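Subject: Structure for your review

Dear colleague,

Please find below the structure that I am handing over to you, together with its sequence. My findings follow directly after it.

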Amino acid sequence: PESHHMAGGHLYTDYSDGEQTVVRKDGKEIMRFPSDEKVCGLLVEDQDVYTLSHRKDSGGFRFRKNDEVLLERPSGRTFGNLYHDGDSICFAFVETFEGGGDSLERYYHVADGHTEQVALREDVKKVWDVVSCKGKLYYLASLIGIGPPVLFSEDKKFVLEMPYGVG
């Protein structure tokens, strides 16, 4: 099921044979990538097909418009969601940096190709998701010293009440 995408009344499918990835529209091939990738997001705008895919072989991801790579990272992963926010095409990703036995994660939001780092707080342990809605950026994070997750919206934050026993 994760290799099937509905957009504009058409069925888009993707598959990989371990060496290349093929995207089809209503059964007809429209794109072929020369690497083993898993398409996690697909949007159609006019005649253009945008894809967000994770590389299976070496990690990292690629964001494409048709066959053209618009953004690529050799490491890191997306949050798996490619979406519209108004007229903008958006997604978010995380990159992990290793050093001195520690790992450090950096979080980013992309809107129409513009990449912005988010969650620039010293007390962030982990960011669970990043989205924008009506131009406002939101992220859900775990913080040092606070048990439940916290939802951030620009300069506001909301501690989420979790049911008893969820931990």
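Arg 24 has Glu 29 of strand 4 as its bridge partner. The model is a predicted one, and the two strands concerned, strand 3 and strand 4 (residues 28–33), pair in the antiparallel sense over five bridges. Two residues separate these strands in their hairpin, where Asp 26 adopts a positive phi near 50°. Strand 3 (residues 21–25) also pairs with strand 2 (residues 10–16), again in the antiparallel sense and over five bridges. Here Tyr 12 stands opposite Lys 25 of strand 3. This hairpin has four residues between its strands, and Gly 18 takes a positive phi near 95° in it.

Salt bridges

Eleven salt bridges are present in the structure. Glu 72 takes part in a salt bridge with Arg 55, in which the closest N and O atoms are 3.7 Å apart. Since Glu 72 belongs to strand 8 (residues 68–73) and Arg 55 to strand 6, this pair ties together parts that are 17 residues apart in sequence. Glu 72 is partly exposed, as its relative accessible area is 35%, whereas Arg 55 is buried at 17%.

Glu 72 forms a salt bridge with Arg 62 as well, with a separation of 2.9 Å between the closest N and O atoms. Arg 62 lies in strand 7, so this pair ties strand 8 to a part ten residues apart in sequence. Arg 62 counts as buried, with 13% relative accessibility. A network of salt bridges links Glu 37, Arg 55, Arg 62, Arg 64 and Glu 72.

A further salt bridge joins Glu 105 and Lys 126, whose closest N and O atoms are 3.7 Å apart. Glu 105 is located in strand 12 (residues 102–111) and Lys 126 in strand 14 (residues 124–133), so parts 21 residues apart in sequence are tied together. Glu 105 is partly exposed at 25%, and Lys 126 is partly exposed at 24%.

Charges over rings

The charged end of Lys 126 sits over the ring of Trp 128, at 5.3 Å from its centre. The charged end of Arg 64 sits over the ring of Phe 33, at 3.6 Å from its centre.

Aromatic pairs

There are seven aromatic pairs in the structure. The pair of Tyr 50 and Phe 63 is stacked, with 6.1 Å from centre to centre and 20° between the planes. Tyr 50 is part of strand 6 (residues 48–55) and Phe 63 of strand 7 (residues 61–65), so the pair connects parts that are 13 residues apart in sequence. Both residues are buried. The pair of Phe 91 and Phe 93 is tilted, because its planes stand at 35°, with the ring centres 6.3 Å apart. Phe 91 and Phe 93 are buried. Ring pairs join Tyr 50, Phe 61, Phe 63, Phe 91, Phe 93 and Tyr 108 into a cluster.

The surroundings of Thr 78

Thr 78 is found in strand 9 (residues 77–78). With a relative accessible area of 4%, Thr 78 is buried. Its side chain makes a polar contact of 2.6 Å with the side chain of His 54, and a polar atom of that Thr 78 side chain lies 3.0 Å from the backbone nitrogen of Gly 80. Beyond its neighbours within four places in sequence, Thr 78 is in contact with several residues, including Cys 40, Leu 52, Phe 61, Phe 91 and Phe 93.

Yours sincerely

Key. Residues numbered from 1 in each chain as written. Predicted model: local features only at pLDDT ≥ 70, side-chain atom pairs only at ≥ 80, totals over all residues. Heavy atoms only, no water. Buried < 20%, exposed > 50% of the residue type's maximum accessible area, 1.4 Å probe, protein only. Polar contact = N/O pair within 3.5 Å; in protein donor to acceptor, adjacent residues only side chain to side chain. Contact = heavy atoms within 4.5 Å. Phe/Tyr/Trp six-rings, centres within 6.5 Å; stacked < 30°, edge-to-face > 60°. Lys NZ or Arg CZ within 6 Å of the ring centre and 35° of its normal. Pairing = 2+ DSSP bridges. Salt bridge = Lys/Arg side-chain N within 4 Å of Asp/Glu carboxyl O.
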